[in-house]
Amino acid sequence: MSDFYETGPSKPVTESIRVDKVSPRSRRIHSLRAIVVIALAIFLLIPIFIMAMTAFKTRSDVVSSPPKTVFEPTLEGFVFLFTERAIITPGRITKLQEAAESGDLGLFDRIALKSGQEITGPSDYVTRLKNSLIIAGVSTLLSVILGFFAAYAFSRFNVPGKDDLMFFILSTRMLPAVVVTIPLFLMYRQLGLHDTHIGMILLYTVFNLSLAVWLLKGFIDEIPTEYEEAALVDGYTRMQAIRKIVLPQAMTGIAATAVFCLIFAWNEYAFALMLTSNTARTAPPSIATMLGRGGIEWSAIAAGSLGFLIPVVIVVFLLRDYLLRGVTFGAVRK
Amino acid sequence: MSRKLYLPILLIAAMLLLAACPSAAPAPAEPAAPADQPAAATEAPAEAPAADTSGIDELSILWAQWDPADYLQQVGNLYEEETGIKVNIVQEPWGSFFDLFATEMASQGDTWDMVVGDSQWLGQMATQGHYLDITNFLVDNGIKDTVVPATLVYYGEYPTGSGTYWAYPTEGDADGFAYRKDLFENPDEMAAFEKEFGYPLDIPQDYDQFMDIAKFFTRPDDGLYGVAIYTQKDYDALTMGYENTLFPFGADWKDADNNVMGVINSPEAVAAAEYYRELYDCCQAPGLSNAFFSEVNDAMISGQAAMGMNYFAFFPALVNPGTNPDYYDKMGFFQNPAGPSGERGAALGGQGLSVVSHISPERQQAALDFIKWFSQDDMQAKWAEFGGYTTNQAVFESEEFLNATPYNRAFAQTMQNVKDFWNIPEFGQLLEVAQRELSAYIVGGEGNAQDTMDRIAEEHDKILREAGYIQ
Amino acid sequence: MTAISQAQKESTGQVQPRRQRRELSDRAILNLFIWPTLILLIAWNLFPLIYSLFLSFTDYSAIANKAPTWVGFQNYADILSDPQMWKYFATTGRYALVTVGMQTILGFSLAVLVQEKFKGSGLVTTLILVPMMLSPVVVGMFWKLMYNPSFGYFNFLLGFRNPSTAPEMLAGRFAGQPVPNLALWAVALVDIWMWTPFVMLLVLSGLKAIPDYLYEAAVIDRASSWFQFWRITVPQVMPLLMIAILFRTIEAFKSFDLVMGLTGGGPGDQTELIAVNLYRQAFLGQWRTGRASALAYIILIVIIAISNLYIRYLNQAKED
């Protein structure tokens, strides 16, 4: 088949003749395919639906057997998520109930009271979500930018020791995080990076760089070099050639890489737990915090996870056109 | 291509990095101290004349994320009102509490002034000098005599019997059972039970009765099961659960000379394992194959289990109408039943308050001042009133405390008979063996009890010999 | 670094001054492009790598106030002569094979299915990616709830209503009877569910990059769609697919948070993956830092060996 790539079609192509674009049979296949895809997507998303349902259940509804599909929705999970509470000691309950009846309590207080708790203050969820946004956002940008340039160099230039360097970059992802934690902890303490935004941003950038370089090199390798070379011959500088020719074609790869980097940085748990304590702590450790008091606060965990999922879904949805579009001009291939 | 390039780059960068932060290299710190002898900061200011604490307006205490920590925060608020010093209880989830604290200690950190730490950590923290020796402080201020003696031994003393103290017993805790009073007191159930077993249905006095009751209430068709017991593999839950049969059956992990062979695989220990397995097979609520306190409470709240094993500190959620809307008023509590020979016993929970040795002498003094204030009888009464499990002798024995909640009386009974797992620095390795083998036998349904306990004994013996506890 | 770019080599014969300028800037550009990344990676990884390599030859606990004592290869010898460790490696191997294998097959199929655009395909594709956007900790907790035989939806949707005759996935039992490996497959299923979208997205980008003219030419040559698939689609996607497989395999050997949340390695040691055991030795009350470092290096060597195999295959695939 390799000669096929070199020689191209044996007859001149005058119009698109891809079968699925013309025959009525393949149009039926096309719509059948859409139905299959939607059915599969629904199937895959069942656990997510259940999570969304759980976010609106009361605690006892979550642990009812058999599982309930019809239930009275409540905002309890969200109250648990956004507030700090303490269980009311039996003696104080009546006092608070009276206050509730006389209308002295707000909506959140009343919901908390219903589950026998009183609100002692706001939870850290919002500040931590903000930290997550800053840290994950900046580190994703950094990994993609650094990764793109490095990948371009590895793809286009004759880098000495290229294979070794690429393998070194990959190997930085291989050491289990568990072992890296303690040396990193000591290092961060010494450098004053412990519990700082910049420390977490750099850490996640470093962690994502290996994936970013490898992926982007894979994508850039696919882009034919002829256009760039032609552009260089025409007097473009290297930077202009990259901006005008490589960058637009690499958008699919850049979008995919950004999505992966963002997802990792957004959800990272172990390092965040060990290397932050307060100012730079992100949301994942605080979701796990809701695990254990007298029992598992399922609805709060579900609400927290859901709220935490939405920003990523929005970003991916905004990037979808880049993720799904084909390479714009593929006529010239190496 | 040039394979030669890789290594030089690494080495040069290594040197640069190490030169840039020389102190980041593995810090060997102080000269080594023998593992079995508490090194630590004995020359710390506990004995010295009170340091000047005037510059300190905030104290932070690390604890796990749970209700007692909220209660302690309320105590801390009182301290702030009285002295102007803010007390901050920092709560970390149970799953990462120890990892986080130990990592901080590994770097000699001073983020927290005090920690409410598990009894099992004592060996590690005391021998490695992370806790302040507070023996003289407790003795000189008469605090030692205000607490229930057994709690001071378990939560504060290391090595056991040495008379050296590292913590003020703060939250007493142990395992007991919650049960469904509506089932136990239902006339139909009572009649049916008596007809079947020949004695009246009541709180089980021994483990034979307990098994009868568990089987009696196991009715899969009604979604009801006899028990909810600990089975979690991650850390220590299954081993703690098993201890609740191990100790009453008259066995223990070790004898007085730290011997394990013939002790942890004694016929009593084997019988206790067989009992726990039978209980799991016949009567455990479904889905509780990796269960700890929250899963057990969930099983009680959902009405799945007639009896649930748990630490007393987790029982408040069961009598709270908010968290347990269906059964909060139908909950009763009892101490672990007696074993075949009438012996009682329970796995120890709970924590002592220790001062971190890496903080400045002024902060240490301020921390000790707080403990001194906190240990007063009336403060301990307040602590108990908020919901904490005081270890203060006077409060502990008062009728007021015993009647304050439905579970306090069972708690007070249980605390007379508690025992603990190993607390030596090697406890983690011993725990891994026990967890793996017990989980395979009880949850996985593999092998038999004798082989399981033999393997535990052999491996424990090996670990203890290597560490020099057995000659 | 005396790098001469291909572009320069090819552009010989250009007007002298312009070439001169580009040659300089190309070399500068190469350095400018590569070094920030390399410096960052070296600075962040070197200390941890060397620190743990050193500790792997010592008897040391991170929380001990004691200097590490040199023990040579003792830790390595201990680990390699411990049959339990071999068992954990075998479990991990099986787990990696099943999860990565299934993710490849399913991810590839899904990508082929969604590559054609239809109304709302952007939204549907985004939704298919959702499992991978969740935090592993959350996924572990929720699947534990899902698998619960009485209040979980897994058995419920499969039609098992009575817990005592149903599978109890995480306990590795079916109707009370132990089923070998059931717990491991239960964990693997969650991993597959979560990470199939990762493979799908990469394959999808690969598919989108295949130029239409290849297919068009094949049609003109009357090639069957089977032929098109094996001779055009698969080879064209292979480089990206291999990267996906490579990264998933590395992650499988490092995977521990999902297992910790679901089974904690139990029952017994049925789901004790090597990374779970590593965590147990490095933390969880043990703090055997020296031994854990040695184990980490053994894992690292295994991963490097596997990666090398993959990369060799990847380069082959590219040359074809």
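**Contacts, packing and backbone in a predicted model**

Student: Is C:A175 buried, exposed or partly exposed?
Tutor: In this predicted model, C:A175 has 13 other C-beta atoms within 10 Å. A residue is buried at 20 or more such atoms and exposed at 12 or fewer.

Student: In which loop does C:A175 lie?
Tutor: C:A175 is not a glycine, yet its phi is positive, about 50 degrees. Most residues other than glycine have a negative phi. The loop that holds C:A175 in chain C runs between β4 (173-174) and β5 (177-178).

Student: What is the phi of B:Q108?
Tutor: B:Q108 lies in a loop of chain B, between α3 (94-106) and β3 (114-118). With 16 C-beta neighbours inside 10 Å, B:Q108 counts as partly exposed. B:Q108 is a residue other than glycine, and its phi is positive, near 55 degrees.

Student: What is omega for the cis peptide bond that joins B:Y158 and B:P159?
Tutor: B:P159 is in the loop of chain B between α6 (149-156) and β4 (168-171). Most peptide bonds are trans. The bond between B:Y158 and B:P159 is cis, with an omega of about -10 degrees.

Student: Where is C:P267 placed in chain C?
Tutor: The peptide bond from C:G266 to C:P267 is cis, with omega near -10 degrees. C:P267 belongs to a loop of chain C, the one between α12 (257-262) and α13 (274-282).

Student: Which helix of chain A gives the most to the side that touches chain C?
Tutor: The contact between these chains takes 101 residues of chain A and 94 residues of chain C. With 14 residues, the helix of chain A that gives the most to this side is α3 (residues 24-55).

Student: How does the side of chain A that touches chain C divide by class?
Tutor: Gly is counted among the polar residues here. On the side of chain A that touches chain C, the classes are 68 nonpolar, 20 polar and 13 charged residues.

Student: Are α14(A) and α9(C) roughly parallel or roughly antiparallel to each other?
Tutor: Two packed helices are described by the angle between their axes and the distance between the axes. Helix α14 (residues 251-267) of chain A packs on helix α9 (residues 182-208) of chain C at an angle of about 175 degrees, with the axes 10 Å apart. Angles over 145 degrees count as roughly antiparallel. Therefore α14(A) and α9(C) are roughly antiparallel.

Student: Which residues in α9(C) meet α14(A)?
Tutor: From α14(A), the residues in this contact are A:T252, A:G253 and A:A256. By class, the contact has 3 nonpolar, 3 polar and 1 charged residues. The residues on the α9(C) side are C:L201, C:L202, C:S205 and C:K208.

Student: Which residues in α18(B) meet α11(B)?
Tutor: The contact of α11(B) with α18(B) has 6 nonpolar, no polar and 1 charged residues. The α11(B) side consists of B:A273, B:Y276, B:R277 and B:Y280. The α18(B) side consists of B:Y441, B:I442 and B:V443.

Student: How far apart are the centres of domain 1 and domain 2 of chain B?
Tutor: The domain assignment of chain B gives domain 1 as 58-173 + 349-419 and domain 2 as 175-347 + 426-466. Taken over C-alpha atoms, their centres are separated by 28 Å.

Student: Which element gives the most to the side of domain 1 of chain B that touches domain 2 of chain B?
Tutor: The contact takes 19 residues from domain 1 of chain B and 21 residues from domain 2 of chain B. On the domain 1 side, α2 (67-83), α17 (408-414) and β11 (418-419) of chain B each give two or more residues. With 4 residues, the element that gives the most is α17(B).

Student: Which residues have the most contacts inside the largest nonpolar core?
Tutor: The largest nonpolar core has 353 residues. Another core lies apart from it, with 5 residues, among them C:Y215 and C:I232. Inside the largest core, the residues with the most contacts are B:A228 and C:V203.

Note on methods
Residues numbered from 1 in each chain as written. Chains lettered and ligands numbered in written order. Predicted model: local features only at pLDDT ≥ 70, side-chain atom pairs only at ≥ 80, totals over all residues. Contact = placed C-beta atoms within 7 Å. Domains from an automatic or database assignment. Axes fitted to C-alpha atoms, helices over the stretch in contact; angles between N-to-C directions. Parallel < 35°, antiparallel > 145°, perpendicular 65-115°, else oblique. Core = buried A, V, L, I, M, F, W, Y, C linked by C-beta atoms within 7 Å.
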